[in-house]
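This report goes through one protein structure step by step. Please keep the sequence and the 3D view at hand while reading.

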Amino acid sequence: MDLVRIKHLAVGYPGEAPVVSGIDLTIRERDYIGVIGPNGGGKTTFIRTLVGALAPLSGEIEYVDGGLQVGYLPQIKRIDRNFPITVIDVVLSGLAARKGLFGRYGRTDRRRAMDLLVEIGVDKLAKRTIGELSGGELQRVLLCRALISDPRLLILDEPTTFVDNRFEKELYELLAGLNERMAIVMVSHDLGTVSRYIKSMVCINRCFHYHPSNTIRAEQLQEYDCPIQLISHGPIPHTVLGTHDGCACCERKTFNTK
């Protein structure tokens, strides 16, 4: 079943040229889409438009089910760490779309929030303010917030930023389990790891290319004009960065090397 249909979409900021245009994509139940591309290519702009934080410049985003629940984990740098809110209230705020900004949260809501904090391993932080948390702890809390509404579509923007290796592995395993009951769209620079879990891929570098597989060959990257890193496994770990004629990023030599 289709969840979201995107047609002829252009995204960006009012009064400016589009950051990404020509976006056509259908998100279906239990899709697991990895979004890749260089820094500054438009990945986050696309994601923010998809979740309604930015209005489309043109084109259409159709949520097939008008009441579709969407969970969203933003980039951690977009969170105001000085805002005086406790961990438990951050998680409960994930219900705001359902209950309204000033809605009251009952015992069932608080029990659900605590169950998620226990599952993710941060229940002992429930009464702390977010300013007291490490980056990895805050990322865990934000994941709980994204899940509390039991979404059918989960959208994550670089969820492994500031997390330790153990939680990163746990996160990918958790997402694989969640994908059995919800669709997932995830921005990541860790192509070598996420390719084990995702089912299809989007490359964004001012243009938009959908690839119906979890692997992309070098010649396909060249066709997509997308200078992401190519990771090769062998006795000596190494990364090869490809260049493409006429690519502005290549000319500036501004590659993502994470």
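## A pair of aromatic rings

The model described here is predicted. It contains two aromatic pairs. In one of them, the ring centres of Tyr172 and Tyr197 lie 5.4 Å apart and the ring planes meet at 20 degrees, so this pair is stacked. Planes count as stacked when they are under 30 degrees apart. The pair connects distant parts of the chain, since its two residues are 25 residues apart. Tyr172 belongs to helix H6 (residues 165-178), while Tyr197 sits in the loop between helix H7 (191-194) and strand S8 (200-204).

## The protein as a whole

The protein has 258 residues, and 47% of them are buried. Its secondary structure consists of nine helices and eleven strands. The protein exposes about 13200 Å², of which carbon and sulfur atoms supply 49%.

Contacts can also be sorted by distance along the chain. Of the contacts between residues at least 6 apart in sequence, 66% join residues at least 24 apart.

How many bridges join strand S1 and S2? Strand S1 (residues 2-11) pairs with S2 over six bridges, in the antiparallel sense. Asp2 stands opposite Arg28 in S2.

Another open sheet has six strands, in the order S5-S6-S7-S3-S8-S9, and its pairing is mixed. At its edges are strand S5 (70-73) and strand S9 (208-211), each pairing on one side only. Neighbouring strands of this sheet are turned against each other by 15 degrees on average, with direction ignored.

Strand S3 (residues 32-36) and S8 run parallel and are joined by four bridges. Gly34 stands opposite Met201 in S8. Helix H5 (residues 135-147) lies across S5 and strand S6 (153-157), and runs at about 170 degrees to S5.

Helix H5 includes Arg140. Arg140 counts as buried because its relative accessibility is 8%. Setting aside residues up to four places away in sequence, Arg140 touches Ile120, Val122, Asp164, Arg166 and Phe167.

In soluble globular proteins, nonpolar side chains tend to be buried together. The largest nonpolar core in this structure has 46 residues. Which members touch the most other members of this core? They are Leu117, Leu143, Leu154, Leu156, Leu175, Ile184 and Met186. H5 gives the most to this core, with seven residues. Beyond residues up to four places away in sequence, Leu143 touches Leu73, Ile120, Leu156, Phe167, Leu171 and Leu174.

Where is Val19 placed? Val19 is in the loop between S1 and S2. The relative accessible area of Val19 is 11%, so Val19 is buried.

Leaving out neighbours within four places in sequence, Val19 is in contact with Val11, Gly12, Tyr13, Gly41, Gly42, Thr45 and Arg206. The C-alpha atoms of Val19 and Gly40 are separated by 9.0 Å, and these two residues are 21 residues apart along the chain.

Technical notes:
Residues numbered from 1 in each chain as written. Predicted model: local features only at pLDDT ≥ 70, side-chain atom pairs only at ≥ 80, totals over all residues. Heavy atoms only, no water. Buried < 20%, exposed > 50% of the residue type's maximum accessible area, 1.4 Å probe, protein only. Contact = heavy atoms within 4.5 Å. Areas by Shrake-Rupley, 256 points an atom, 1.4 Å probe, with all protein chains shown as cover. Phe/Tyr/Trp six-rings, centres within 6.5 Å; stacked < 30°, edge-to-face > 60°. Pairing = 2+ DSSP bridges. Axes fitted to C-alpha atoms, helices over the stretch in contact; angles between N-to-C directions. Core = buried A, V, L, I, M, F, W, Y, C linked by side-chain atoms within 4.5 Å.
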